[in-house]
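Here is a short tour of aromatic contacts, meant to be read with the model open beside you. Let's look at the rings and their neighbours.

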Amino acid sequence: PIYQKVYDDELQENLETTNLIFQFLNDLTSKNEIKFLVFLIPAKEQVDINIFNELLEKNDKSIDEYDLEKPQILLRDLLESSNIEYFDLLPSLRKENINNTFYWEFDGHFNPKGYNLAADLVYKELINRKYLK
């Protein structure tokens with residue numbers, strides 16, 4: 001349901017709760033002079049469109065009802081509205097993906113290649129933002 005173009009009340013409420021959590025963390029880290037950076041980690045069906053298409057077919061759904069980037073768009077909007085720094089791994093993972101390169105087949109967790117690429121991306125971003133020397 002997180003990819004549906006129109007969210008039901010429960011999902012909308014969850015998004016508002018997420019926003020409150022982000023604001024709390026931003027306030028807490030700011031008060032304590034701690035840098036705060038959110039990394040958006042995509043699901044495998046966002047990275048590999050073939051997996052998403054298989055899910056649609058299995059559930060007899062149409063792509064017209066869904067937007068694979070909606071979670072990222074909404075989260076980026078929340079973060080930007082609170083002036084919270086973030087980095088979205090989706091573009092990089094999509095660019096490098098070949099037939100579900102980075103996730104286990106049996107669940108939605110990274111496999112070793114996925115963890116290695118994510119770690120490299122996170123490290124480079126921390127260096128670029130001068131969070132690390």
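## A charge over a ring

A charge counts as sitting over a ring if NZ of Lys or CZ of Arg is within 6 Å of the ring centre and within 35 degrees of the ring normal. Here, the charged end of Lys70 lies over the ring of Tyr7, 3.9 Å from its centre.

## How to read the model

This is a predicted model, in which local features need pLDDT of at least 70 and side-chain atom pairs count only at pLDDT 80 or more, while totals for chains, interfaces and linings use all residues. Residues are numbered from 1 along each chain as its sequence is written, and side-chain values use heavy atoms, leaving out hydrogens and water.

## Ring pairs

Rings of Phe, Tyr and Trp (its six-membered ring) pair if their centres lie within 6.5 Å; planes under 30 degrees apart are stacked, over 60 edge-to-face, and the rest tilted. That rule gives six aromatic pairs. In one of them, the ring centres of Tyr3 and Phe52 are 5.7 Å apart with planes at 80°, so this pair is edge-to-face. Tyr3 belongs to the segment before α1 (9–31) and Phe52 to helix α3 (residues 49–58), so the pair ties together parts 49 residues apart in sequence. Helices (H or I, at least four residues) are DSSP runs, numbered from the N terminus.

Phe52 also meets Tyr66: their ring centres are 6.0 Å apart and their planes at 80°, so this pair is edge-to-face. Tyr66 sits in the loop between α3 and α4 (70–81), 14 residues from Phe52.

## A buried cluster

Ring pairs join Tyr3, Phe52 and Tyr66 into a cluster. Buried means under 20% relative accessible area (1.4 Å probe, protein chains only), with exposed over 50% and partly exposed in between. Tyr3 is buried; Phe52, at 4% relative accessibility, counts as buried, and Tyr66 does at 14%.

Key:
Helix = DSSP H or I, 4+ residues; strand = E, 2+ residues; numbered from the N terminus.
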